[in-house]
Each structure stands twice: as C-alpha cells, then as structure tokens.
Amino acid sequence: MENFKAIIDEYHPILYKIGRSYTRHRADFDDLYQEMLIQIYQSLKSFRGESRMSTWLYRVALNTAMTFNRNNHKRQNEVAEADIARLERQEEPISEARKTDWDVEMLYEAIHELKKDDRAMILLHLEGKQYCDIADIMGISKTNTGVKLMRIRKRLQTILTRKGYERI
C-alpha cells in the first residue's frame, strides 16, 4: 500500500491530465479519477518491470479513460450550459493569469473534440514524452507516432481556429 501511495503521489499530474482530457464535468472527472486509481491498484501486482513505471501507468490510465469514455459516451457528449456561458463570457479585459487559464480551457475544449486515441497521443506529447516513449505506450512505430502527431496538431489548430481562438 505504501508503494501505491508513492506512485500516485508521483504520477498524480499525469492522472489529472488524462482525467481532464477525457471528461467535461467535475463529477465525471471524479468518477474517472477514482476508476483509474482502482485499476492501477488492482494492476500493480501484475507490473513486471519490463517497461518504465510511467509507461505502464500511462497504459493503464489511458485504457481506463477510454473504457470510461465509451461506457459514458452519452454523458460525455453533453455540454453544460454553464460551461458554454463561462467560455463565451470574455468581454471584459482579463489579466495575464486569466488569459493563461483561458488558453488551457480552450486547449482542453479542442482536445475533447479529438478521437480517443488522438487525445491519448496529444496528451503524451504535451506531457513532454519523446516519440519513442509515445510509440511504446500506444503500441505503434516511432515513425507512425511522428506522422500522427503532426496530423493531430493540424486538427487541433483547425478546431481552435473554428472556435475563434486567435492565440495559436
């Protein structure tokens, strides 16, 4: 149990980003985060050390998120009116800190429009993972990883432009 707590303490930012990218509402995020913790705990005994802990953890967390997303597809497609109003209400001048928050919100909104596998790949990329690590986690070649990431970045730029976001 002590090992589990240390792992979660170290990799909490990864779990947070995955949870945030696969959910739109706080309640769904909380459910997914809890489900990721359960899956990691249950799977920890099967970790053989053949890959790095971070690679293994990404696989478990991403697979859990994709399954959660598939099982809650209908709820995931609902967008709360309060969220829309909050995103559209940006008429007053805002501070640099709030602009950064706005940038992050817009990026997550755009990421939500990507396919599940594409979300996983861009999250890994945004986390700063090398192509070889992304390829290992996703189970594809390093070359394929580069090509897919280039296409995903173009799709994100298209989504952000369509939403009227100018700070690309």
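Here is a short walk through the structure, one selection at a time.

This is a predicted model, in which local features need pLDDT of at least 70 and side-chain atom pairs count only at pLDDT 80 or more, while totals for chains, interfaces and linings use all residues. Residues are numbered from 1 along each chain as its sequence is written, and side-chain values use heavy atoms, with hydrogens and water left out.

**The whole chain.** Start with a cartoon view: you'll find nine helices and zero strands (helices are DSSP runs of H or I with at least four residues, strands are runs of E with at least two, numbered from the N terminus). Switch to a surface and you have about 10200 Å² of accessible area, 50% of it from carbon and sulfur atoms (Shrake-Rupley method, 1.4 Å probe). Of the 168 residues, 42% count as buried (under 20% relative accessible area; exposed is over 50%, partly exposed in between).

**F4 and Y41.** F4 sits in helix α1 (residues 2-22) and Y41 in helix α2 (residues 26-43), 37 residues apart. Their rings form an edge-to-face pair, 5.1 Å centre to centre with 85° between the planes (rings of Phe, Tyr and Trp, the last by its six-membered ring, pair if their centres lie within 6.5 Å; planes under 30 degrees apart are stacked, over 60 edge-to-face, the rest tilted). Which of the two is buried? F4 is, at 13% relative accessibility, whereas Y41 is partly exposed at 46%.

**A65.** Next, click on A65 in helix α3 (residues 53-71). Its relative accessible area is 0%, so A65 counts as buried. What does A65 touch, leaving aside its neighbours within four places in sequence? Show I18, Y22 and L32: A65 is in contact with these (heavy atoms within 4.5 Å).

**Helices α8 and α9.** Finish with residues 131-138 (α8) and 142-162 (α9), whose axes come within 9 Å and cross at roughly 95° (axes are lines fitted to C-alpha atoms over the stretch in contact, with angles from 0 to 180 degrees between N-to-C directions). That makes α8 roughly perpendicular to α9 (65 to 115 degrees; under 35 is roughly parallel, over 145 roughly antiparallel, the rest oblique). To see the contact, show Y131, C132, I134 and A135 of α8 together with K142, T145, G146, L149 and R153 of α9.

Note on methods
Buried means under 20% relative accessible area, exposed over 50%, partly exposed in between (1.4 Å probe, protein chains only).
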